Amino acid sequence: MPGEIGAVRTLRVLTYLSKRSRPVSAGTIARDCDIPRSSLYRILRVMERMYFVVHLPEDELWGIGIGAFEIGSGYLRSGVLERSGRPLLVRLTRRTGMVSHLGVLHGSDVLYLLKQTTDEPARPFVTAVGVRLPAHLTAMGRAMLAQLPAHQVRAILWRPGELVTRTGRGPRHLSELREILRADRSRGYSVESSSTTEEVSCVAAAVFDHEGLPIAAVGVSYYDLPSAAEVERIASAVRETADGLTTRLSGTPVRRRA
């Protein structure tokens, strides 16, 4: 049946692109997926409109889009991620004495799924379950963006003009963000200070799926700015928690990717 053939070809393209480490040409897709070029271009244009693929016109290449990433994240948001992450966040908060969070990318934002507070009264944080914040301003968002291919980061965050800010701090241009993400990727965690809320800092690390792609992030937030040694201690606890959740989800931890 024509409709069935089209559906099979579309899923074949989606699966193929999801396994590529970089964008590829339409000719390569057509050859490797055994799809006539005329049919392939129709499929790609529909997938592009639905954000399942992204087209890089200057290079004439195609890559996986944010729509596909959100579908994968949606599976985990069905409850598996929260149930798996909650006991680990409880442990992280007890270990650090700080508020901990679990979140996922939702378009160009971070969507907060879990929040674990301390037993001690604390000043309020802007983060709460269901809150969305610009991914490029948060440590949790940067921890995930740092582990994505550059073309996918561009597809997620591209918009005319400067990147949005909340406090006047944080990267204003994609080129500035790339430098931040490069440093985050090298050390295996992200740090943000006063970009979302004045005087509030956060340390976060990514959670990975079975192919080493980021599907969530774990972070802790605090008001007092600790020393460099204390930040490293906090980051170690956050990374261990993120890796523990990765293992629970049958994923593969990835660290220090160039």
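Modeller: Helix 5 and helix 9 cross in a right-handed sense (right-handed if the near helix is turned clockwise from the far one by less than a right angle, left-handed if anticlockwise). The model is a predicted one, in which local features need pLDDT of at least 70, side-chain atom pairs count only at pLDDT 80 or more, and totals for chains, interfaces and linings use all residues. Residues are numbered from 1 along each chain as its sequence is written, and side-chain values use heavy atoms, with hydrogens and water left out.

On the helix 5 side the contact involves Leu81, Ser84, Gly85, Pro87, Leu88, Arg91, Leu92, Arg95 and Thr96; helix 9 supplies Arg233, Ala237, Val238, Glu240, Thr241, Gly244, Leu245 and Arg248 (contact means heavy atoms within 4.5 Å). By class, seven of these residues are nonpolar, five polar and five charged (Ala, Val, Leu, Ile, Met, Phe, Trp, Tyr, Cys and Pro are nonpolar, Asp, Glu, Lys and Arg charged, the others, Gly among them, polar).

Another pair is helix 7 (residues 150-157) and helix 8 (residues 174-187), with axes that come within 12 Å and cross at roughly 135°. Helix 7 is therefore oblique to helix 8. Their crossing is right-handed. Val153, Arg154 and Leu157 of helix 7 meet Leu174, Leu177, Arg178 and Leu181 of helix 8. This contact has five nonpolar, no polar and two charged residues.

Helix 8 also gives two or more residues to the lining of the second largest cavity, as does strand 7 (201-208). Strand 7 has the largest share, four residues. In total 13 residues line this cavity, with Ala143, Gln147, Gly188, Tyr189 and Ala206 nearest its centre (a cavity is a set of points on a 1 Å grid over the protein atoms alone where a 1.4 Å probe fits but cannot get out; lining residues have an atom within 4 Å of a point). Seven of the lining residues are nonpolar, three polar and three charged. The second largest cavity holds about 50 Å³ (the space filled by probe spheres set on the points, which are joined across faces, edges and corners).

Key: Axes fitted to C-alpha atoms, helices over the stretch in contact; angles between N-to-C directions. Parallel < 35°, antiparallel > 145°, perpendicular 65-115°, else oblique. 1 Å grid on protein atoms, 1.4 Å probe; cavity = no way out; pocket = protein on both sides within 12 Å on 5 of 7 lines; lining within 4 Å.
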